[in-house]
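Here is a short briefing to read alongside the chain on your screen. Take a look at the structure first, and then walk through the points below.

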Amino acid sequence: SREQIDAMLSGNLSFDTKNGEEEDGEGDAPKVAAPVTGPPKLTFPIPGSMEGVKTGSKSVLEVKHVSFRYSKDKEYLLQDCCGKLSLSSRVAICGRNGCGKSTLMTLLCSELTPSENKDGSHGEVWRHHNLRLAYMKQDHLKALGPFFDTSPFVYITERFKEGYDGDLQRRLIEPEDEEEASRRKELAKQHGKYGNEVAELISRTKVGNHLAYEVRWAGLDDPKQNTVEPISKLKAMGLDKVIIACDERIAAKAAGLDQRPLTRREIVRHCEAFGIDEEMCCNRQIRGFSAGQKVRLSLAAIFWTKPHFIALDEPTNYLDVETVDALGKALTTFRGGIIMIEPKSDFVERICNERWQIEDGKMKVEKLNNGVKRQA
């Protein structure tokens, strides 16, 4: 039927079950004073194919001998961590409070830089250059802060107005701290054109088998001064995160995000899949939302890019029982990879089939024999 086709186009996979049909029916029926919170329905969009990755088992994200400590005079929080993730992954990061779970996830999402290992070597986080990754931090409500006096419609329009996730770009491109900023300056003096820093990565190409990027250099605004630099040189300049920011922009374009209209109709339709109705989306200030509704909005925002892989740090915080159940269903049928930190062990059992256990700074990968598989 027409409703089913619409549902499929908007990424709703639940229409082929009896229950899903009833639910969709509810959504399309004339609205009768629906509860303001919206029904506890969550539907995640289909990520679409990923160029260069034909199977669900091929690795798209890897931590290779990664260690981390906050400074050279501190103990290591994480040591020599190794793990692989694919588009079929369903992984939970587990361990006691303060053991480094969120730190590992932030490293994995390239928003922190690994520390030097004890033997002086450097671990790395590798990711496929066509991967679209969405990360919902534990303090994701902070990202909503500047938009408290606006509506979800304004928030999503602002965040994605360039055709990619502006919030993510900022987190990746800006140096984490003074130390990283000065390290980039120092490395630019050695490797940069005339000792200048990289102002922007404009595009990506292949030279032989290796990736290379067109660089616009700080202080050299004439496009003729741009150069094509191999990825190895940019990494030597400490720009791993800036490379990923460029890859994310290109991946967003591959998903057609730059063509996706930021119209009222498109944004409302997207938000409705997360239980935020038109009235809430366009006419209500985010400030007036309950904590659970803000979580739904954060989820709606990270899924605007149709990510292949999602990293969720305690997603069930602030959610009521019905919404936790709806989130469980949506994650079970999500067609991409998942890594999460979640204290609710029954929720983990329901979604995940692999555990990354952190104890005393070491990470151990364990398969869970619970028969959980990616369903879609």
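This is a predicted model: local features need pLDDT of at least 70, side-chain atom pairs count only at pLDDT 80 or more; totals for chains, interfaces and linings use all residues.

Residues are numbered from 1 along each chain as its sequence is written, and side-chain values use heavy atoms, with hydrogens and water left out.

**The whole chain**

- The protein chain has 14 helices and 12 strands; these are DSSP runs numbered from the N terminus, with helices being H or I of at least four residues and strands being E of at least two.
- Of its 376 residues, 49% count as buried. Buried means under 20% relative accessible area, exposed means over 50%, and partly exposed lies in between (1.4 Å probe, protein chains only).
- Among contacts in the chain with a separation of 6 or more, 68% are between residues 24 or more positions apart, where contact means heavy atoms within 4.5 Å.

- Helix α7 covers residues 178–191, which is 14 residues, and spans 20 Å from its first C-alpha to its last, close to the 20 Å expected at 1.5 Å a residue. The expected span is 1.5 Å times one less than the number of residues.
- Glu180, Ala181, Arg184, Leu187 and Ala188 are the buried residues of α7. Seen down the axis of α7, these buried residues fall within an arc of 130°, so they line one face of the helix; the arc is that of the directions from the helix axis to the C-beta atoms.

**How α6 meets α9**

- The axes of α6 and α9 come within 8 Å and cross at roughly 160°. Axes are lines fitted to C-alpha atoms, for helices over the stretch in contact, and angles run from 0 to 180 degrees between N-to-C directions.
- That crossing angle makes α6 roughly antiparallel to α9, a label used for angles over 145 degrees.
- On the α6 side, the contact is made by Leu168, Gln169, Arg171, Leu172 and Ile173. On the α9 side, Lys241, Val242, Ile244, Ala245, Glu248 and Arg249 take part.

- Serine 151 sits in the loop between α4 (141–144) and α5 (152–159), and counts as buried because its relative accessibility is 8%. Leaving aside neighbours within four places in sequence, serine 151 is in contact with Cys281, Cys282, Arg284 and Ile286.
- Glutamate 359 belongs to strand β11 (residues 354–359), and its 53% relative accessibility makes it exposed. Glutamate 359 and lysine 101 are 258 residues apart in sequence, yet 10.0 Å apart in space, C-alpha to C-alpha.
- Histidine 65, in strand β1 (residues 59–68), has a positive phi of about 50° although it is not a glycine. Histidine 65 counts as partly exposed, at 43% relative accessibility.
- Tyrosine 194 lies in the loop between α7 and β6 (198–207). Tyrosine 194 is not a glycine, but has a positive phi of about 55°, and is exposed with a relative accessible area of 63%.

Notes: Angles under 35 degrees count as roughly parallel, over 145 as roughly antiparallel, 65 to 115 as roughly perpendicular and the rest as oblique.
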